[in-house]
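Please examine the protein shown below.

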Amino acid sequence: MDKGRTWFALALLMAVAASAACDGGRRYRDQMAVIAVGSDGSLGFEAGVQVSLPDTIAVGRAALIKIRTYGGGCLIRDPQRGGKTFVNVKGREAVIVPWDRIDLGPTSPTVNWNCTDVLTYWTREVPVVFHERGTATVTIRGISNDTYPSKLIEVVFRLEVV
């Protein structure tokens, strides 16, 4: 192996080691966020999907849509590490999909790992801009933990763009 390749291999090895050290050698998986839990109210949260949006917005102006998502000790909502919310607007239709990142624990199989199961929620504030007047549709996609196994759901809201 020549010197250039050796240095490249060493640099690559150091970069991998540094990135593992930065996150504690943990493994993560992205998943669609949970937007509905506890339909019977037994978890202490309001049942169903909790979304707040205006009835009317001005064309070309951002409407702030608030979506409650749920998680626990293993879910990370930090936008730098997962936890992003994707918005796609075409005409008078918007689709919003919040995502979370799950901490799967250390990469070492010898470390005993468990996660606290403290249920909590976050309110995501998502700006959406429509550039056409009329009735607009906002679809929010996520996971419902009301059933086992969890299932993908989508809820649809309408608002007027004036």
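Q: How many residues of the protein, in percent, score a pLDDT of at least 70?
A: This is a predicted model, in which local features need pLDDT of at least 70, side-chain atom pairs count only at pLDDT 80 or more, and totals for chains, interfaces and linings use all residues. Residues are numbered from 1 along each chain as its sequence is written, and side-chain values use heavy atoms, with hydrogens and water left out. The pLDDT is the predictor's confidence in each residue, from 0 to 100. Its average over the protein is 76, and the share of residues scoring at least 70 is 61%.

Q: Which element of the protein has the lowest mean pLDDT?
A: Over residues 10-22 the pLDDT stays under 50, and the model has one contact for them beyond four places in sequence; contact means heavy atoms within 4.5 Å. Strand β4 (residues 56-57) has the highest mean among the elements, 94. The lowest mean, 47, belongs to residues 3-22, which form helix α1.

Q: What percentage of the residues in the protein is buried?
A: A residue is buried under 20% relative accessible area, exposed over 50% and partly exposed in between (1.4 Å probe, protein chains only). The protein has 162 residues, and the buried share of them is 30%.

Q: Is T139 buried or exposed?
A: T139 is found in strand β10. Leaving out residues up to four places away in sequence, T139 touches A94, V95, I96, E154, V155 and V156. Because its relative accessible area is 10%, T139 is classed as buried.

Q: How far apart in space are A36 and I153, C-alpha to C-alpha?
A: A36 is found in strand β2 and, at 3% relative accessibility, is buried. Beyond its neighbours within four places in sequence, A36 is in contact with several residues, including G48, Y70, I143 and I153. A36 and I153 are 117 residues apart in sequence, whereas their C-alpha distance in space is 8.8 Å.

Q: Which residue forms a salt bridge with D100?
A: A salt bridge is a side-chain nitrogen of Lys or Arg within 4 Å of a carboxyl oxygen of Asp or Glu. D100 lies in strand β8 and its partner in strand β9, so the pair ties together parts that are 24 residues apart in sequence. Both residues are buried, and D100 has a relative accessible area of 0%. The closest N and O atoms are 2.4 Å apart, and the partner is R124.

Q: Which residue meets E125 in a salt bridge?
A: Side chains of opposite charge can pair when their charged atoms come close. E125 lies in strand β9 and its partner in strand β5, so the two tie together parts 59 residues apart in sequence. E125 is partly exposed, with a relative accessible area of 49%. At 3.9 Å, N to O, the side chain that meets E125 is that of K66.

Q: How many salt bridges does a search of the whole structure find?
A: One of them joins the side chains of R92 and E132 at 3.6 Å, N to O. This pair links distant parts of the chain, with R92 in the loop between β7 (85-90) and β8 and E132 in the loop between β9 and β10. R92 is partly exposed, at 34% relative accessible area, and E132 is likewise partly exposed, at 37%. Over the whole structure, the number of salt bridges is four.

Definitions and conventions
Helix = DSSP H or I, 4+ residues; strand = E, 2+ residues; numbered from the N terminus.
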